Amino acid sequence: MKSVWKAVLFLGLASVVGAAEKPDVQTIVNKANVVAYYQGKDGKATVKMTITNKQGQKRTREFNILRKDVKDGGDQKYFVYFQRPADVRKMVYLVDKHTDKDRDDDRWLYMPGLDLVKRIAASDKRTSFVGSDFLYEDISGRSLDDDTHELIQTTDKVFVVKNVPKQPDTVEFGYYNVSIDRKTYVPVKMEFYDKNGKLYKTIESTKIEEIQGFPTVVKSVVSNLQTGSKTEMEFGKVKYDINLKDSIFTERYLRRPPREAIR
């Protein structure tokens with residue numbers, strides 16, 4: 001009888017410990033957001049993007065990306081300078097990201113062929129990023145306040161969080177699930193479902209490395225199940241905490257990118 005009670009006591013304690021070890025969903029998404037977009041105070045990387053259509057035809061884009069945090073987990077600035085191919089060379093994408101739910105992000109696109117600075121409307125942030133399967137919003141990240149979050153599954157390796165838009169009329173998806181590594185909090189897979197609950201797009205982190213002590217996604221792939229196309233992004237020369245100047249992330253540098261963006 002004593003052994004039975006010991007077993008019951010052990011199971012009870014195990015359940016309490018297990019519950020204590022599993023964080024609440026808001027803590028999970030906050031940590032995952034920091035790991036995905038806020039490693040270090042700022043950062044830089046080169047990116048090779050390969051777009052493959054249903055027929056297997058490939059197009060490439062190469063660009064440098066700079067990022068600076070205004071506040072960890074809060075406002076950010078991004079500067080993207082395109083190197084190749086010739087039709088996009090010297091094009092610049094600039095983002096002033098705001099986490100205040102009452103303020104939209106500011107986004108600009110400089111098109112050198114026309115010598116034109118175009119302001120990207122908030123309604124356009126979920127459109128294709130330079131013809132790829134990634135969206136403008138994917139580059140700097142979606143605000144956590146835009147969705148409600150529910151922890152729907154916990155395995156030995158991942159937390160699975162379901163995210164439902166608070167303003168469903170402003171997005172093309174019905175909801176999306178994110179699988180988050182339990183040890184590193186790196187989002188390893190995102191699955192987007194349409195308004196009818198059918199899976200139509202996935203984004204996967206296919207290669208992760210530790211750089212300067214930070215777990216870093218160095219290869220990611222988005223697959224569009226509706227069109228049969230996919231886009232792969234490979235990140236190289238990743239550096240964190242390089243003390244980028246605030247002045248880099250202003251409209252004045254759209255036409256004359258700083259040295260940090262070109263090299």
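This is a predicted model: local features need pLDDT of at least 70, side-chain atom pairs count only at pLDDT 80 or more; totals for chains, interfaces and linings use all residues.

Guide: Let's begin with the largest nonpolar core, which has 45 residues. Met49, Phe63, Phe82, Tyr93 and Phe129 are the ones that touch the most other members. A nonpolar core here is a set of buried Ala, Val, Leu, Ile, Met, Phe, Trp, Tyr and Cys residues joined through side-chain atoms within 4.5 Å. Buried means under 20% relative accessible area, exposed means over 50%, and partly exposed lies in between, using a 1.4 Å probe and the protein chains only.

Residues are numbered from 1 along each chain as its sequence is written, and side-chain values use heavy atoms, with hydrogens and water left out.

Leaving aside residues up to four places away in sequence, Tyr93 touches Tyr78, Phe79, Val80, Arg107, Trp108, Leu109, Ile120, Phe129, Tyr136 and Ile139. A contact like these means heavy atoms within 4.5 Å. Among contacts in the chain between residues at least 6 apart in sequence, 45% join residues at least 24 apart. Across the 263 residues of the chain, 44% count as buried.

The search runs on a 1 Å grid over the protein atoms alone: a cavity is a set of points where a 1.4 Å probe fits but cannot get out, a pocket is an open set with protein on both sides within 12 Å along at least five of seven lines, and lining residues have an atom within 4 Å of a point. Grid points are joined across faces, edges and corners, and a volume is the space filled by probe spheres set on the points.

By this rule there is one cavity of 30 Å³ or more. The largest cavity holds about 1,100 Å³ of space. Its lining has 49 residues, and Ala36, Tyr37, Asp138, Ile139 and Val217 are the closest to its centre. The lining divides into 29 nonpolar, 10 polar and 10 charged residues. In this count Ala, Val, Leu, Ile, Met, Phe, Trp, Tyr, Cys and Pro are nonpolar, Asp, Glu, Lys and Arg are charged, and the others, Gly among them, are polar.

Helix 2 gives the most to the lining of the largest cavity, with six residues. Helix 2 (residues 25–37) also gives the most to the lining of the second largest pocket, this time with four. Helices (H or I, at least four residues) and strands (E, at least two) are DSSP runs numbered from the N terminus. The chain has four helices and 13 strands.

That second largest pocket has about 160 Å³ of space. Among the residues lining it are Gln26, Asn30, Asn33, Val34, Arg142 and Asp145. Three of its lining residues are nonpolar, six are polar and three are charged.

The largest pocket has a volume of about 450 Å³. Of its 22 lining residues, Asp104, Lys125, Asp146, Gln167 and Thr170 are the closest to its centre. The lining of the largest pocket holds two nonpolar, six polar and 14 charged residues.

A cis peptide bond joins Arg84 and Pro85, with omega about 0°, and Pro85 lies in the loop between strand 3 (76–84) and strand 4 (92–97). Tyr185 has a positive phi, near 65°, although it is not glycine. Tyr185 sits in the loop between strand 9 (175–181) and strand 10 (187–193) and is buried, with a relative accessible area of 11%. Asp241, also not a glycine, has a positive phi of about 55°, but Asp241 is partly exposed, at 39%.
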